[in-house]
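Please consult the sequence and coordinates alongside the text.

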Amino acid sequence: MNLPSDREPALTPMSGDFIHRLVMIGGGIAAVIGCIAMLGWLLALPRLTSLGQGLIPMAPSTAALFIAYGTALLLVRRSTCNRRTMLILHSIFTIGALISVALFFLSINGVFLSAEHLGFKVMGAVEGSPIGHMSPITAFTFLLISLAYLTAITVRQSGDWRGVTAWWLAIMVIVAYVMLILAYLFGTPMFYGGTFIPPAAPTSLAFLALGFALLALAQPLAWPGTGRSGQDAMRYPSKVLLIAFLLLAAGIISAGYYYHRKQEKHYLSEVERQLSAIADLKMGELLLWREERLADAALFHNNIAFANLVKSVIKHPGAQQPFREIKAWGVALKSKRNYNRIFLLDTLGASSWSYPESASEPLSRHVRQKALESLRTGRITVADFYRNEISGRIYLSILVPVFDPVRASEPLGVIVMRIDPEKYLYPFIKRWPVSSASAETLLVRREGNAALFLNELRFKKDSALNLSVPLQKTEVPAVMAALGREGVVRGIDYRGHPVLAALRSIPDSPWRLVTRMDVEEVYAPMRERLWITVFLAGAMLLAAGTGVGFVWRRQSSQFYRDKYEAELKRVELEERLTRIAANLPGAIFQLQLRPDGVSCLPYASSGLEELYGVLPGDVVLETSRLFAVIHPDDSPRVSATILESARTLTAWHSEHRVIHPERGPIWVEGSATPELKPDGSVLLHGFLAEITGRKQKEREIEKKNSELERFTYTVSHDLKSPLVTIKTFMGYLEEDIRFRNEDRIQQDLGFMHNAADKMSQLLDELLELSRVGRLSNPPEEVAFRDLAREAVSLDAGRISERGVAVEIGDTALVLVGDRSRLVEIWQNLVENACKFMGDQEYPRIEIGVEGSGHETIFFVRDNGIGIDPRFHSKVFGLFEKLEVGGDGTGLGLALVKRIVELYDGTIRVESDGTGKGTTIFFTLPSAVKP
Amino acid sequence: MHGEPITILLVEDDQAHAEIVRRNFEKSRIANRLIHVSDGQAALDYLYGREAFSDPLQAPRPGLVLLDLRLPKIDGLEVLRTIKADALLSQIPVVILTTSAAESDVARAYDSHANSYLVKPVDFSQFIELMEVLGYYWLVWNQHPKSEE
């Protein structure tokens with residue numbers, strides 16, 4: 001199980017990509033709009049900067065800021081923001097904020113710097129606002145948005161109030177600019193004609209994009225657990241809610257838009273109907289008036305009585321009577337019919353009479369021509385609006401040719417009934433049934449390649465017969481009318497204002513009637529309604545944002561409450577597990593074997609450290625540190641059994657040695673049950689426990705068992721041996737008695753005696769040995785010297801027999817234990833030493849102590865025959881003898897060893913070989929008082 | 001049927017038992033030369049001609065070894081292993097003659113290539129009979145390998 005240790009834990013999938021993408025999209029859109037506006041200024045295409053005729057364009061300064069901000073937002077990368085990028089972002093937003101503050105105050109105070117044009121040629125104004133300058137509203141928004149962005153990229157902690165502020169600021173900006181855009185869509189942009197420069201349409205769009213980007217950026221800050229802090233569970237609803245808000249916003253906007261359009265359409269048709277009605281009314285009156293005039297003329301046409309009168313006036317210029325009569329006609333016509341002047345022209349077109357006579361005004365050449373024309377055709381002719389060259393006044397004239405009553409083909413002259421339009425016609429045309437600021441009726445006539453205005457215009461002086469519009473300008477309603485179009489149209493009037501007009505042609509005349517009204521006036525009531533709609537939409541948007549926000553908040557707080565409770569529960573469970581596990585004698589664990597061969601311990605209780613010297617945290621990812629401390633001889637077996645268990649899904653059990661870094665070698669037992677996981681990995685649940693004590697006991701038991709076995713064996717062998725001797729020699733004895741072999745009888749009996757003695761001695765010593773197995777006397781304190789002396793006195797016989805010099809070490813050491821047992825140690829050792837003194841000339845035995853405390857080592861040294869090093873291991877064995885001839889049973893040293901071991905001591909023999917003397921060293925840790 | 005007299009090496013720490021063996025061989029008159037040593041160390045010294053047995057005339061190569069298992073200094077099994085591991089000695093038949101009938105002893109002895117394993121009977125007549133049969137079998141009937149000397 002050689003497991004790679006440099007393996008990185010798998011990263012969780014990048015979260016918040018959706019939100020990050022929104023930021024990039026928002027920034028991108030703002031930058032693109034800024035670029036388009038810049039392009040518009042560069043190529044002098046006003047449409048690109050304003051998105052519509054008559055609308056205020058985006059200032060170059062505004063466009064530059066949008067490009068900068070949009071680009072900055074493209075730079076915002078969630079977690080990989082390095083120091084340099086952060087510095088750039090901070091600089092951009094800070095400089096932007098400073099610029100917008102400056103421009104805001106300048107603009108408010110009416111100071112416009114040409115530096116704002118960035119070198120572009122900017123001239124003109126829209127509705128009194130200078131173009132090419134940033135609106136103070138735009139500047140203020142830039143300031144707010146800069147601060148919000150600075151906050152959003154600086155604040156890292158979720159739930160910070162600044163993050164929340166930035167989020168709400170984003171919502172406000174979105175709502176405000178949605179309203180502005182709506183107003184643009186409805187054709188009634190806000191703030192136009194006011195004190196301040198209004199924000200341009202593309203500006204509003206760009207701010208909307210920046211607002212959404214800010215919303216996305218502030219999202220994870222305002223609503224912790226969403227976006228970058230990456231709770232998958234929370235990301236889904238946050239995404240859904242964001243989309244829900246966007247859809248809601250789109251719904252509100254489009255619903256408002258269509259509602260308004262419908263209203264507008266309805267209202268417009270009403271206005272059109274009104275216009276048409278007025279046009280029809282005017283037309284009817286004009287027609288009536290014209291018919292009346294022609295009827296007046298018809299009165300004189302082919303009138304024999306009148307012809308006679310004219311004839312006598314012309315033929316007899318001096319006669320009083322005809323002049324009086326014709327004057328009466330003239331008076332009647334002028335006063336009752338409102339004619340300006342009545343002329344009587346002769347056949348050459350010269351004026352022979354006129355009423356009123358006083359004003360001797362020359363006739364216009366146009367009338368003279370018309371008179372000749374009427375004489376030629378013999379029909380009533382209308383001299384349409386014309387200008388008298390001399391007086392410069394505008395008139396209409398109706399010409400009636402008068403022929404000789406007798407000779408009908410002979411012309412007498414022409415009656416000219418001149419009408420001054422100022423008197424009746426112009427006021428009548430001007431009259432409007434309701435009060436209106438811009439409504440007006442025009443009379444137009446096609447003249448050559450132009451449409452000629454026949455009446456005085458409301459907004460232009462001296463326009464009658466002076467002002468004409470070329471027929472190419474088909475957007476002008478007058479031209480449309482001149483070209484014969486009828487009905488309601490939209491167009492641009494002579495002033496260049498958009499208007500709504502009803503067109504009519506007056507039958508049997510060159511006249512065309514245009515009743516028109518400024519679109520602005522038409523829409524004025526609509527605008528009021530629009531405001532209501534826009535504000536309603538705005539309020540609904542705000543409500544939607546707030547609603548979505550609250551749902552969001554509720555959801556996230558619910559989510560966090562659940563999470564918190566789950567966490568609490570988890571902590572409680574974990575604590576419970578930890579507490580229980582801490583009281584276990586070993587460790588409990590989960591071992592995971594992944595399909596890729598990596599193994600790890602997802603869970604291990606703290607007991608792991610005691611067993612392996614490895615913290616549970618060190619093996620969470622992989623187990624190499626654990627296997628490093630397992631005894632190298634056992635490690636392959638442990639790995640193999642684990643893998644086998646995982647493969648066969650059978651319980652795992654193992655006893656192995658661990659080289660604990662602090663506690664040294666210990667024994668550990670482990671067992672676990674494998675479980676196959678859906679991902680193909682195997683999880684072993686199990687426990688580990690230290691079994692060093694048990695192993696030690698097992699070893700001791702094993703040792704005791706073998707000792708017991710040896711004991712039994714030895715006893716059976718050694719006790720059987722004398723038995724065999726006795727039985728056999730009894731047989732020999734019988735034979736020898738039968739054959740009276742006296743010598744042999746004695747010999748046989750001797751063997752039998754020896755065997756019986758040996759048996760008896762063996763039994764005694766066995767009894768002794770069995771007694772040593774347990775301590776019978778209560779422990780008492782006894783000085784080492786006293787023990788040694790007692791032992792020596794017990795062996796006094798042998799010592800004096802052999803003449804051995806015994807020397808006891810001078811020490812105040814005190815021992816605690818079973819006195820008689822302790823004495824036995826030295827007694828046996830001294831006895832042994834005496835036994836194997838050999839033929840030493842100066843036999844000597846030294847009883848002493850080395851070291852102190854637990855290190856105290858006792859020794860008994862002699863200068864006897866010594867022990868061959870080959871047999872050192874054998875001397876402490878049960879019934880082991882080195883000498884055949886000796887009188888011992890081989891039990892002495894075995895007995896000593898047992899007593900030493902009772903006091904947790906060890907014993908060894910030291911001898912350089914035969915004839916070099918022997919030293920027995922031993923320790924008695926439990927008996928020595930430290 | 002029987003060739004040259006064979007030297008028997010008896011390794012026995014119990015003097016009484018050695019006496020029994022000696023008496024039996026004497027009685028059955030098949031007694032060749034019986035050499036008795038009382039511990040494992042002495043047995044190996046004899047076989048290798050060391051220490052007290054350095055004279056080949058005094059210590060001829062034995063044709064049969066009667067070996068007790070429990071011996072002072074060097075254990076009987078150890079002696080057996082040494083003999084059977086030595087190319088020069090391994091051909092010498094080694095008969096284990098001991099009081100122990102323990103299975104482990106028997107198994108270990110045969111594992112170490114003992115040629116035979118005999119348990120000393122407690123009963124007198126059986127012991128006598130065993131010794132008789134042993135003598136005939138090993139000294140009369142058994143074909144010994146040709147001595148290399």
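## Conventions and a nonpolar patch

Helices (H or I, at least four residues) and strands (E, at least two) are DSSP runs, numbered from the N terminus. On this basis A:Leu42 lies in helix 1 (residues 17-43) of chain A. Residues are numbered from 1 along each chain as its sequence is written, chains are lettered from A and ligands numbered from 1 in the order in which they are written, and side-chain values use heavy atoms, with hydrogens and water left out. The model is predicted: local features need pLDDT of at least 70, side-chain atom pairs count only at pLDDT 80 or more, and totals for chains, interfaces and linings use all residues.

A:Leu42 counts as exposed because its relative accessibility is 58%; buried means under 20% relative accessible area, exposed over 50%, and partly exposed in between (1.4 Å probe, protein chains only). Together with A:Leu39, A:Leu43 and A:Leu45, A:Leu42 makes a nonpolar surface patch of about 380 Å². Patches are made of residues with over 30% relative accessible area and no salt bridge; like charges are joined within 9 Å, and nonpolar side chains (Val, Leu, Ile, Met, Phe, Trp, Tyr) within 5 Å. The areas come from the Shrake-Rupley method with a 1.4 Å probe, and for residues only the protein chains shown count as cover.

## Confidence in chain A

Among the elements of chain A, the highest mean, 92, belongs to strand 16 (residues 652-660), and the lowest, 76, to strand 1 (residues 125-126).

Over residues 1-15 of chain A, pLDDT stays under 50, and the model has 28 contacts there beyond four places in sequence. Contact means heavy atoms within 4.5 Å. Residues 225-233 of chain A also stay under 50, with 26 such contacts.

## Interface and a buried glycine

At the interface, 32 residues of chain A are in contact with 32 residues of chain B. The two chains bury about 2,700 Å² between them, 55% of it on carbon and sulfur atoms; buried area is the accessible area (1.4 Å probe) that two parts lose on being put together, summed over both. One salt bridge, that is, a side-chain nitrogen of Lys or Arg within 4 Å of a carboxyl oxygen of Asp or Glu, is found across this interface. B:Arg23 and A:Asp748 meet in a salt bridge at 2.7 Å, N to O.

Within chain B, B:Gly40 is found in helix 2 (residues 40-48) and counts as buried, because its relative accessibility is 0%. B:Gly40 touches B:Leu71, B:Pro72, B:Ile74 and B:Val79, not counting residues up to four places away in sequence.

## Salt bridges within chain A

Over all chains, the count comes to 54 salt bridges. A:Arg570 and A:Glu567 pair at 3.0 Å, N to O; being 3 residues apart in helix 14 (residues 519-582) of chain A, they are separated by about one helical turn. A:Glu575 and A:Arg579 pair at 3.2 Å, N to O, and these residues, 4 apart in helix 14 of chain A, are likewise separated by about one helical turn.

A:Glu790 forms a salt bridge with A:Arg819, with the closest N and O atoms 3.1 Å apart. This pair links distant parts of the chain, 29 residues apart: A:Glu790 is in helix 20 (residues 784-794) of chain A and A:Arg819 in helix 22 (residues 819-835) of chain A. Salt bridges that share partners also join A:Glu440, A:Asp493, A:Arg495, A:Arg516 and A:Asp518 into one network.

Note on methods
pLDDT = per-residue confidence, 0-100.
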